[in-house]
Amino acid sequence: MIPAPFEYIAAESPGHALELLADYGDEAKLLAGGHSLLPMMKLRLATPAVLIDIGRLEQLAGVQADDGELVIGATTRHADLAAAELVRAEAPLLAYAAAQVGDPQIRHRGTIGGSLSHADPAADLPMALVALGGSVEIQGPGGSRVVAADDFFQGFFETALGPDELLSAVRVPRRPGVPWGYQKFVRRSNDWAIVGVAVVDGRIALANMGATPLRATAAERALAEGASPAAAAEHAADGTSPGEDMHADREYRRHLARVLTRRALEHQTG
Amino acid sequence: MTRIELTVNGDKRSDEVEPRLLLVHYLRETCGLRAANVGCDTTSCGACTVLLDGRSVKSCTVLAVQAAGQDVVTSEGLSADGELHPVQAAFRLNHGLQCGFCTPGMVMAAVGLLAENPHPTEEEVRAGLEGNLCRCTGYHNIIRAVLAAADTQAEVQA
Ligand SMILES: Cc1cc2nc3c(=O)[nH]c(=O)nc-3n(C[C@H](O)[C@H](O)[C@H](O)COP(=O)(O)OP(=O)(O)OC[C@H]3O[C@@H](n4cnc5c(N)ncnc54)[C@H](O)[C@@H]3O)c2cc1C
Ligand code: FES
Ligand code: FES
């Protein structure tokens, strides 16, 4: 399968990428790791006229501490996120989630910024960001802004990013030692979650239970009111209306959300 | 067309390519290196695995232009002067292949894995090769081969 023809431009800096986005408008797409975009282009589900490659911009990669938050550059690859000492120590759920993405070859290419911008509700890192209560930094023609995870994911593969904007970094709170749990249900290794659950300090996020990663607010409330993990988990699917596919129908997904939430709550580390 | 300069199996190359050319097609058709196979063409099987700057990647999901300025190694580039690389030799010795279609990709994934983790446990080898499918062997001999290669590499370095 061969993508439709396009023009390729390697951006020289984040600013250059923004200029190119402004020049080409809707015709252009950013290319980071290419592990969501290239498969879609090979199937001709995406046919951008111009690809702006930001995948090798050093300025956009790496992990730093900034007061109470870790700041992770958008082009940090999944393998590097999973291995980063600072992330493993202070936001271990995020490092673990990165290690659950696909397989080693995919983790050597895919980036956190690409995964969040793609906003697949079944993906690992969007769910992790929601559970951690993190945010994203967005740069655009009018400057930069920070958007909380809960507001960033707006619909099925839809985010708060405008067509002329770039996600430059990801922020998560530094919380060493806070208990966390992670459950991903798959039938094949290297696959997306049929249902996923990430738990940090009483916040519960679900993958593939709706159009975006979701908070299991009813279960969170029950926990806060003193319910046992098992009792709280009974509310994990309340208010959700997940999609159906060859892997699972709606009721089975709701069942999985309850079971996986109980497991995530009962088997926390940290 | 875009000009790319890169290193393939130690040789510096400079080629005009269409931006949409996939790295696997560049290697097979432009460079004439046929080790990396196209199995699934959907990032699933790993038959197209090569090393890009030392890390295993699926070359059906990388553009040749994305490899510009980098170092690509295919299974052909592992053996020097007709000597098999320890991982290739271990696959042969341990019957880590039958039809051989998955083998160049398996070998490159294994080389990448051992570079990151020179002394993996059996469990780590299984997880480390999760991106590579084999329809023949049932995997056991592949796992044995990679563990054996890790031992030989340790001996060579000792
Ligand atoms: C076989 C396979 C299995 C996979 N399994 C999993 C899995 O188990 N779990 C999982 O979570 N994911 C999985 N993935 C997806 C993988 O995580 C991708 O790496 C990720 O979704 C996209 O990141 P990328 O850097 O490759 O983005 P790209 O493909 O380069 O880009 C994706 C989209 O985001 C846009 N974009 C990229 N970077 C930015 C930015 N900085 N700012 C604004 N827009 C941007 C692009 O324009 C494009 O629209 C899998 C992929 C494959 C091919
Ligand atoms: S051909 Fe590339 S992963 Fe199967
Ligand atoms: S040996 Fe035939 S696919 Fe692996």
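Tutor: Let us begin with the sheet. Two strands pair if DSSP finds at least two bridges between them. Strands (E, at least two residues) and helices (H or I, at least four residues) are DSSP runs, numbered from the N terminus. The model is a predicted one, in which local features need pLDDT of at least 70 and side-chain atom pairs count only at pLDDT 80 or more, while totals for chains, interfaces and linings use all residues. Residues are numbered from 1 along each chain as its sequence is written, chains are lettered from A and ligands numbered from 1 in the order in which they are written, and side-chain values use heavy atoms, leaving out hydrogens and water.

Student: Which residue stands opposite Ile138(A) in S10(A)?
Tutor: Strands of a sheet pair through backbone hydrogen bonds, either parallel or antiparallel. Here Leu167(A) in S10(A) faces Ile138(A). Strand S6 (residues 135-140) and strand S10 (residues 166-173) of chain A run antiparallel and are joined by five bridges.

Student: In what order do the five strands of the open sheet in chain A lie?
Tutor: The order is S4-S5-S10-S6-S7 (chain A), with antiparallel pairing. Strands S4 (63-66) and S7 (143-148) of chain A are at the edges, each with a single partner strand, so one side of each has no neighbour in the sheet.

Student: How is an aromatic pair described?
Tutor: A pair of aromatic rings is described by the distance of the centres and the angle of the planes. Rings of Phe, Tyr and Trp (its six-membered ring) pair if their centres lie within 6.5 Å; planes under 30 degrees apart are stacked, over 60 edge-to-face, and the rest tilted. The count over all chains is four aromatic pairs. One of them joins Tyr96(A) and Tyr182(A) edge-to-face, at 5.3 Å centre to centre and 65 degrees between the planes. Tyr96(A) lies in helix H5 (residues 92-99) and Tyr182(A) in strand S11 (residues 180-185) of chain A, so the pair ties together parts 86 residues apart in sequence.

Student: Are Tyr96(A) and Tyr182(A) buried or exposed?
Tutor: Buried means under 20% relative accessible area, exposed over 50%, and partly exposed in between (1.4 Å probe, protein chains only). Tyr96(A) is partly exposed at 36%, whereas Tyr182(A) is buried at 7%.

Student: Which residues do ring pairs link into a cluster?
Tutor: The cluster consists of Tyr96(A), Trp180(A) and Tyr182(A).
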